[in-house]
Amino acid sequence: GLAQIYLSGPFNLMVGDKFIIRNSSNTITIGGGEIIDTKPLHHRRRRKNDVQLLCKVAKGDLSDKISLEVRKHNFPINYKTVSELINVPKEKILTEITS
């Protein structure tokens, strides 16, 4: 399932990083997963379309990852910025958006 995790302070994460959640005494593994968005939009409740897009992103479709990142900005961003934000080589982004 999808989860949005709030951390108590800044944390150095990249899209694609794996994580494990353990209890405070570090004796029980609660769960784990993969980071799909390091700077998500914060909503009280996700709309159905947003959840569907996040599910596609979680499955790894590059065009959906690009779309999600571009939609989060109120201004144009270039492919180099998208590359850095979603941790995908610039060449792959450029190929995807020009094909």
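Trainee: At what angle do the axes of α2 and α3 cross?

Mentor: They cross at roughly 105°, and they come within 10 Å. Axes here are lines fitted to C-alpha atoms, for helices over the stretch in contact, with angles from 0 to 180 degrees between N-to-C directions.

Trainee: Why is α2 called roughly perpendicular to α3?

Mentor: Set the angle against the cut-offs. Under 35 degrees counts as roughly parallel, over 145 as roughly antiparallel, 65 to 115 as roughly perpendicular, and the rest as oblique. The axes cross at roughly 105°, so α2 is roughly perpendicular to α3.

Trainee: Which residues make the contact?

Mentor: From α2 come Leu-62, Lys-65, Ile-66, Glu-69 and Val-70. From α3 come Val-82, Leu-85 and Ile-86. Contact means heavy atoms within 4.5 Å.

Trainee: How many residues of each class does the contact of α2 with α3 have?

Mentor: Six are nonpolar, none is polar and two are charged. Ala, Val, Leu, Ile, Met, Phe, Trp, Tyr, Cys and Pro count as nonpolar; Asp, Glu, Lys and Arg as charged; the others, Gly among them, as polar.

Trainee: What kind of model is this?

Mentor: This is a predicted model: local features need pLDDT of at least 70, side-chain atom pairs count only at pLDDT 80 or more, and totals for chains, interfaces and linings use all residues. Residues are numbered from 1 along each chain as its sequence is written, and side-chain values use heavy atoms, with hydrogens and water left out.

Trainee: How many helices and strands are there in the chain?

Mentor: Four helices and two strands. From the N terminus the order is β-β-α-α-α-α. Helices (H or I, at least four residues) and strands (E, at least two) are DSSP runs, numbered from the N terminus.

Trainee: What makes β1 and β2 a pair?

Mentor: Two strands pair if DSSP finds at least two bridges between them. Strand β1 (residues 18-22) and strand β2 (residues 29-34) have five, in the antiparallel sense. Arg-22, for one, has Thr-29 in β2 as its bridge partner.

Trainee: Where does Asn-26 lie?

Mentor: In the loop between β1 and β2. This hairpin has six residues between its strands. Asn-26 is not a glycine, yet its phi is positive, about 65°.

Trainee: Which α2 and α4 residues meet?

Mentor: Leu-62, Ser-63 and Ile-66 of α2 meet Lys-92, Ile-93, Glu-96 and Ile-97 of α4. By class, the contact of α2 with α4 has four nonpolar, one polar and two charged residues.

Trainee: What is the angle between α2 and α4?

Mentor: The axes of α2 (residues 62-71) and α4 (residues 90-98) cross at roughly 95° and come within 10 Å. That makes α2 roughly perpendicular to α4.

Trainee: Why does Glu-69 count as buried?

Mentor: Buried means under 20% relative accessible area, exposed means over 50%, and partly exposed lies in between (1.4 Å probe, protein chains only). Glu-69 has 6%, so it is buried. Glu-69 lies in α2. Leaving out residues up to four places away in sequence, Glu-69 touches Asp-37, Ile-77, Leu-85 and Ile-86.

Trainee: Why does Leu-53 count as buried?

Mentor: Its relative accessibility is 9%, so Leu-53 is buried. Leu-53 lies in α1 (residues 48-58). Beyond its neighbours within four places in sequence, Leu-53 contacts Asp-64, Leu-68 and Arg-71.

Trainee: What makes the buried residues of α3 line one face?

Mentor: In α3 (residues 79-86), the buried residues are Val-82, Ser-83 and Ile-86. Seen down the axis, they fall within an arc of 105°, so they line one face of the helix. The arc is that of the directions from the helix axis to the C-beta atoms. These buried residues pack against α2 and α4.

Trainee: How do you know that Ser-83 is buried?

Mentor: Ser-83 has 8% relative accessibility, so it counts as buried. Not counting residues up to four places away in sequence, Ser-83 touches Val-88, Pro-89, Lys-90 and Ile-93.

Trainee: Why is Asn-87 called partly exposed?

Mentor: Asn-87 has 38% relative accessibility, so it counts as partly exposed. Asn-87 sits in the loop between α3 and α4. Asn-87 is not a glycine, but its phi is positive, about 60°.

Trainee: What share of the chain is buried?

Mentor: Buried residues make up 18% of the 99 residues.
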